[in-house]
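Hi there,

Here is the structure I promised to pass on to you. Have a look at it first, and then read on for what turned up in it.

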Amino acid sequence: MIHKVFRARRVITAGGEVAASVVVRAGRIAEIAPYEAGLGDAEIVEIPDDSVLLPGLVDSHVHVNEPGRTEWEGFDTATRAAAAGGITTLIDMPLNSIPATVNSGALQQKRDAARGQCHVDVGFWGGAVGDNLADLPDLAHEGVFGFKAFLLPSGVDEFCHLDRAQLEAVVRATAEIDALLIVHAEDQATIAAAPAPHGPIYADFLASRPAEAEHRAILTLIDLAERYDTRVHVLHLASAGAVPMLRAARARGVRVSVETCPHYLTLAAEEIPDGATEFKCCPPIRGRSDRLGLWKGLRDNVIDCVVSDHSPSTIALKRAGGGDFGKAWGGIAGLQVGLAAMWTAAPDWVGLADLVRWLATGPADLVGLKHKGRIAVGADADLCVFAPHEEFVVDAADLQHRNPISAYHGRGLRGVVRSTWLRGEPITGDHPRGRLLRKEV
């Protein structure tokens, strides 16, 4: 069999950056050879000297919304956007599709909708909504990568949040089947006591989702995870004030992990214009001090990974109320630009190997995909050719996700994805070759 070799002066491997020839056979990395190694009859892919060969990124937090709300987003458009941003694997959230992925029948509908449309590999989360405890073992057996729960209303009626008793029951249930529980951690009582979101002033919206809501919810999760020895994961951390409590919990052996998102690391409340509801998300984008604290959390290995929380909607929903933060849909559509945004905003101490750890290896490890998110022998040959010095200006109309609205519109970014490869073959958008993934049980 004629094999393929990706030859680059800069390759970010699992062992660090090297000049190498990455040998691919049957879609997997067979060898990482010296750059000048003899290549025999191989098909050679020469990576330009101004580019770096990265592993394909892994995004474990994507709302595809199909079936049911395909006008918001769908598998074809979401996976095109992922590939354009260097992402080769994504895990789809159990909402905002209809039906929500809370039982095996709904999971099958989701898979049926995705089949034949995916340009990257796609896996699925299940949902924990309080009245579906009996469905969790079946969903786990069917290969979901874990279960998502909300501690306050999710924004869609078909995906219910958990009260304190229901949360404890779900923690016990996931412990019994050794499943990962991922949680939107904002405390409902704290937010209920805050001013209601209203009007175009971003500071008013920020006051409606205080950092204390994140802190109280995370403390609750830590307590339950410790009590039942359950593996829990805090979604989309926005408040740097929670980093010390997470560090302390992990130091005493609590099985808690945490993610943040590019928008919390690259944007800041002080920079958001009033009425600019394209920046609305929950938890909200907080101030510059939180942004700095989250970078420090990554540096100190308290925050495990960075994922998009791609949560798109129609333009009409995103701009509902004419710039009213109380009425507009909350969610950032950032699937395609996360790598460039991170690279542009990164502090001086951050290198490409760090971005690979947070955007590729970390999310892959979170969901147990040891053959993804790394350039290593035996891993899938999922690759991204990245030009770190090339610059561009984001135009929402040019992005691949379905509705052309973006918090990054008009921003100058550094770092361009020149090509993305799935199991050693280029993703061109012509023939979807993505596979539907199942967690092995």
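Before the first finding, you need one definition: a patch is made of residues with over 30% relative accessible area and no salt bridge, and nonpolar side chains are joined into one when they lie within 5 Å. Also keep in mind that this is a predicted model.

**A nonpolar patch**

Which residues form a nonpolar patch on the surface? They are Val18, Ile32 and Val377, and together they have about 220 Å² of accessible area. You'll find Val18 in strand β2, which covers residues 16–25. Val18 has a relative accessible area of 34%, so it counts as partly exposed.

Next, go to strand β1 (residues 4–13), where Arg7 sits. Is Arg7 buried or exposed? It's buried: the relative accessible area is 17%, and the cut-off for buried is under 20%. Leaving out residues up to four places away in sequence, Arg7 touches Ala20, Ser21, Tyr35, Leu39, Val45, Glu46 and Ile47.

One of those contacts, Glu46, is also a salt-bridge partner of Arg7, with the closest N and O atoms 2.2 Å apart. Arg7 is in strand β1 while Glu46 is in strand β4 (residues 43–46), so this pair ties together parts that are 39 residues apart in sequence.

How many salt bridges does the structure hold? There are 33. Here are two more to look up:

- Arg288 and Glu271 meet through their side chains, at 3.6 Å from N to O. This pair links distant parts of the chain, 17 residues apart: Arg288 is in helix α10 (residues 288–299), and Glu271 is in the loop between α9 (262–266) and α10. Arg288 is partly exposed at 41% relative accessible area, and Glu271 is partly exposed at 36%.
- Asp365 and Lys370 form a salt bridge with an N to O distance of 3.4 Å. Asp365 is partly exposed, with a relative accessible area of 29%, whereas Lys370 is exposed, with 52%.

Some salt bridges also share partners, and in that way Arg28, Asp121, Lys372, Asp380, Asp382 and Arg423 are joined into one network.

Cheers

Conventions:
Residues numbered from 1 in each chain as written. Predicted model: local features only at pLDDT ≥ 70, side-chain atom pairs only at ≥ 80, totals over all residues. Heavy atoms only, no water. Patch = residues over 30% accessible without salt bridge, like charges linked within 9 Å, V, L, I, M, F, W, Y side chains within 5 Å. Areas by Shrake-Rupley, 256 points an atom, 1.4 Å probe, with all protein chains shown as cover. Salt bridge = Lys/Arg side-chain N within 4 Å of Asp/Glu carboxyl O. Helix = DSSP H or I, 4+ residues; strand = E, 2+ residues; numbered from the N terminus. Buried < 20%, exposed > 50% of the residue type's maximum accessible area, 1.4 Å probe, protein only. Contact = heavy atoms within 4.5 Å.
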